[in-house]
Amino acid sequence: MAPKKAKKRAEGASSNVFSMFEQTQIQEFKEAFTIMDQNRDGFIDKNDLRDTFAALGRLNVKQEEIDDMLKEAPGPINFTVFLSMFGEKLKGSDPEETILNAFKVFDPEGQGTLKKDFVTEMLTTQADRFSPEEMEQMFTAFPPDVAGNLDYKNLVHIITHGEEKDQE
């Protein structure tokens with residue numbers, strides 16, 4: 001009888017993970033989980049991970065890489081476990097600070113702005129490349145100043161808080 005009670009307590013302990021996120025974030029994680037749960041059985045397993053990587057264009061994922069990812073979970077990965085894994089990874093990290101630090105790499109003098117041309121070059125040639133349409137949308141939403149500088153501190157604030165920072 002005792003093991004059943006212990007299991008119940010363990011489940012209850014992880015359910016507070018839902019209080020770590022806003023409802024909209026939980027919905028986004030749920031959508032990501034659903035996309036990754038390729039066979040729709042309510043759990044993410046090695047076949048789901050392999051299929052997810054394949055859908056992202058990575059076909060030669062090593063089995064050990066997938067095993068290592070699964071080992072990060074305390075057990076089978078259902079949605080609650082998935083959410084708590086993200087909670088652990090994100091704990092103590094301020095999204096605004098994280099994004100700002102990424103921009104600061106390109107701004108060693110700490111000006112708070114980057115040249116529009118440089119931002120365009122970086123976002124269209126590196127990693128997840130932006131299309132010309134995406135660049136146009138970004139600069140329409142966040143226009144550079146007359147000198148062609150993008151105020152990335154304001155951009156990051158709006159991305160993470162949703163409204164313009166009061167100009168001091």
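The following questions and answers concern a predicted model of a protein chain.

User: How many helices and strands make up the secondary structure of the protein chain?

Analyst: Read along the sequence, the elements of the protein chain follow the pattern α-α-α-α-α-α-β-α-α-β-α. The secondary structure of this predicted model therefore comes to the following count: 9 helices and 2 strands.

User: What percentage of the residues of the protein chain count as buried?

Analyst: The protein chain has 168 residues. A residue counts as buried when its relative accessible area is under 20%. The share of residues that count as buried is 23%.

User: Among contacts between residues at least 6 apart in sequence, what percentage join residues at least 24 apart?

Analyst: A contact here means heavy atoms within 4.5 Å. Among contacts in the protein chain between residues at least 6 apart in sequence, the share that joins residues at least 24 apart is 50%.

User: At roughly what angle do the axes of helix α7 and helix α8 cross, and what is the handedness of the crossing?

Analyst: Helix α7 covers residues 116-125 and helix α8 covers residues 132-141. Their axes come within 11 Å. The axes cross at roughly 145°, and the crossing of α7 and α8 is right-handed.

User: Which residues of α8 make the contact with α7?

Analyst: On the α7 side, the contact is made by Lys-116, Val-119, Thr-120, Leu-123 and Thr-124. By class, the contact of α7 with α8 has 5 nonpolar, 2 polar and 1 charged residues. The residues that α8 brings to the contact are Met-135, Met-138 and Phe-139.

User: Which element gives the most residues to the lining of the largest pocket?

Analyst: About 350 Å³ of space lies in the largest pocket. Of the 16 residues that line this pocket, the closest to its centre are Phe-103, Phe-106, Met-122, Leu-123 and Phe-130. The elements that give two or more residues to the lining are α6 (95-104), α7 and α9 (152-161). The element that gives the most, with 4 residues, is α7.

User: Is Glu-72 buried or exposed, or does it fall in between as partly exposed?

Analyst: Glu-72 is found in the loop between α4 (63-71) and α5 (79-90). Leaving aside its neighbours within four places in sequence, Glu-72 is in contact with Met-85 and Lys-89. Because its relative accessible area is 48%, Glu-72 is partly exposed.

User: What distance separates the C-alpha atoms of Met-85 and Ala-73?

Analyst: Met-85 lies in helix α5. Not counting residues up to four places away in sequence, Met-85 touches Met-69, Glu-72, Ala-73 and Ile-77. The C-alpha atoms of Met-85 and Glu-72, 13 residues apart along the chain, are separated by 8.0 Å. Met-85 and Ala-73 are 12 residues apart along the chain, and their C-alpha atoms are separated by 7.0 Å.

User: What is the phi of Arg-40, and is this residue buried or exposed?

Analyst: Arg-40 is found in the loop between α2 and α3 (46-55). Its phi is near 55°, a positive value in a residue other than glycine. Because its relative accessible area is 53%, Arg-40 is exposed.

User: What distance separates the C-alpha atoms of Ala-32 and Phe-82?

Analyst: Ala-32 lies in helix α2 (residues 23-36). With a relative accessible area of 29%, Ala-32 is partly exposed. Ala-32 and Phe-82 are 50 residues apart along the chain, and their C-alpha atoms are separated by 9.9 Å.

User: What distance separates the C-alpha atoms of Ile-159 and Glu-96?

Analyst: Ile-159 lies in helix α9. At 49% relative accessibility, Ile-159 counts as partly exposed. Ile-159 and Glu-96 are 63 residues apart along the chain, and their C-alpha atoms are separated by 8.0 Å.

Technical notes:
Residues numbered from 1 in each chain as written. Predicted model: local features only at pLDDT ≥ 70, side-chain atom pairs only at ≥ 80, totals over all residues. Heavy atoms only, no water. Axes fitted to C-alpha atoms, helices over the stretch in contact; angles between N-to-C directions. Left-handed = near helix turned anticlockwise from the far one by under 90°. Nonpolar A, V, L, I, M, F, W, Y, C, P; charged D, E, K, R; others polar. 1 Å grid on protein atoms, 1.4 Å probe; cavity = no way out; pocket = protein on both sides within 12 Å on 5 of 7 lines; lining within 4 Å. Points joined across faces, edges and corners; volume = space filled by probe spheres on them. Buried < 20%, exposed > 50% of the residue type's maximum accessible area, 1.4 Å probe, protein only.
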